[in-house]
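Q: Please take me through this structure step by step, starting with how its parts are named.

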Amino acid sequence: RKIPPRHVSKHRAEGYALDWSPVEQAHLLAGDCQGQIQRCTPAPGGRWATEGQAYAGHGGSVEDLQWSPVENNVFASCSTDRTVKIWDSRQKAQAAITIPAHDADVNVISWNRLTPCMLASGGDDTSIIIWNLADGRQLTKHEGHTAMVRCLATLDGDGLASGASDETVRVRPVLHSAAYKFTACASAFE
């Protein structure tokens with residue numbers, strides 16, 4: 001059966017960021033160059049509904065979005081405003097957590113599915129930073145790329161792949177040392 005294309009978002013500018021929820025079936029996030037994030041959900045009659053009010057809080061283009069791998073009301077975003085934001089989808093006025101993440105545009109984020117309080121970010125400053133979202137602290141910083149980091153893929157467990165404009169892909173352990181101890185990953189959004 002062929003599914004007809006549908007217009008599902010109300011953005012006023014082009015966008016680069018999309019993500020489907022792994023927890024809530026058919027919930028889609030879409031981010032645009034004006035720092036707006038829209039949530040789209042299925043509606044009766046095969047239509048899509050875009051929530052009236054956008055999530056606003058970024059001062060630049062939304063470059064990447066990721067739903068939490070375990071919580072249906074939590075997602076992360078990153079932006080050219082150099083921040084990573086963690087959102088409670090029930091609160092649109094502002095992000096629950098804002099992390100000044102990089103010294104330049106933040107291009108990409110990747111959530112660790114086995115340790116859901118761990119998120120990686122990569123940016124134009126050529127670095128990759130691993131964050132503990134339970135307390136907002138930087139766990140480690142990976143360097144080695146000589147140009148902007150464009151993509152990240154987290155392997156469940158301790159693997160991280162990164163691709164950059166320097167035409168390299170690097171694979172490494174997420175943490176340099178097992179000495180890091182995590183604060184409990186209990187949700188702050190319940």
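A: Helices (H or I, at least four residues) and strands (E, at least two) are DSSP runs, numbered from the N terminus. The model is predicted: local features need pLDDT of at least 70 and side-chain atom pairs count only at pLDDT 80 or more, while totals for chains, interfaces and linings use all residues. Residues are numbered from 1 along each chain as its sequence is written, and side-chain values use heavy atoms, with hydrogens and water left out.

Q: What share of the chain is buried?
A: Buried means under 20% relative accessible area, exposed over 50%, and partly exposed in between (1.4 Å probe, protein chains only). Of the 190 residues in the chain, the buried share is 48%.

Q: What part of the contacts with a separation of 6 or more joins residues 24 or more positions apart?
A: A contact means heavy atoms within 4.5 Å. Among contacts in the chain with a separation of 6 or more, the part from residues 24 or more positions apart is 42%.

Q: Which residues touch the most other members of the largest nonpolar core?
A: A nonpolar core is a set of buried Ala, Val, Leu, Ile, Met, Phe, Trp, Tyr and Cys residues joined through side-chain atoms within 4.5 Å. The largest one has 14 residues, and those that touch the most other members are Val84, Ile86, Leu119 and Leu133.

Q: Which elements give two or more residues to this core?
A: Each of the elements in question is a strand. They are strand 7 (74–79), strand 8 (83–88), strand 10 (106–111) and strand 12 (128–132).

Q: What does leucine 133 contact beyond its neighbours in sequence?
A: Leucine 133 is one of the core residues that touch the most other members. With neighbours within four places in sequence left aside, its contacts are Ile86, Ile97, Ile99, Trp111, Pro116, Cys117 and Leu119.

Q: Which strand gives the most to the lining of the largest cavity?
A: On a 1 Å grid over the protein atoms alone, a cavity is a set of points where a 1.4 Å probe fits but cannot get out, and a pocket is an open set with protein on both sides within 12 Å along at least five of seven lines; lining residues have an atom within 4 Å of a point. The structure holds one cavity of 30 Å³ or more. Its lining is made of Ser110, Asn112, Met118, Leu119, Ala120, Ile130, Thr154, Leu160 and Val174. Three residues come from the strand that gives the most, strand 11 (residues 118–123).

Q: How does the lining of the largest cavity divide by class?
A: Ala, Val, Leu, Ile, Met, Phe, Trp, Tyr, Cys and Pro count as nonpolar, Asp, Glu, Lys and Arg as charged, and the others, Gly among them, as polar. On that basis, the lining of the largest cavity has six nonpolar, three polar and no charged residues.

Q: Which residues lie nearest the centre of the second largest pocket?
A: This pocket has a volume of about 180 Å³, the volume being the space filled by probe spheres set on grid points that are joined across faces, edges and corners. Its lining includes at least two residues from each of strand 1 (15–20), strand 6 (62–67), strand 10 and strand 14. By class, the lining has eight nonpolar, three polar and two charged residues. Of the 13 lining residues, those nearest the centre are Gln66, Trp67, Pro69, Trp111 and Arg113.

Q: How many disulfides does the structure hold?
A: A disulfide is taken as a pair of cysteine sulfur atoms within 2.5 Å. Cysteine 40 is buried at a relative accessible area of 0%, and cysteine 78 also counts as buried at 0%. The number of disulfides is zero.

Q: Is glutamate 143 buried or exposed?
A: Glutamate 143 sits in the loop between strand 13 (137–142) and strand 14 (149–155). Apart from neighbours within four places in sequence, glutamate 143 contacts Ser127 and Arg172. Its relative accessible area is 58%, so glutamate 143 is exposed.

Q: What is the phi of threonine 126?
A: Threonine 126 is placed in the loop between strand 11 and strand 12. Its C-alpha is 6.8 Å from that of glutamate 143, 17 residues apart in sequence. Although threonine 126 is not a glycine, its phi is positive, about 75 degrees.

Q: What does threonine 80 touch away from its own stretch of sequence?
A: Threonine 80 is in the loop between strand 7 and strand 8, and arginine 82 is found in that loop too. Threonine 80 is partly exposed, because its relative accessible area is 25%. Not counting residues up to four places away in sequence, threonine 80 touches Gly60, Ser61, Glu63, Asp105 and Val106.
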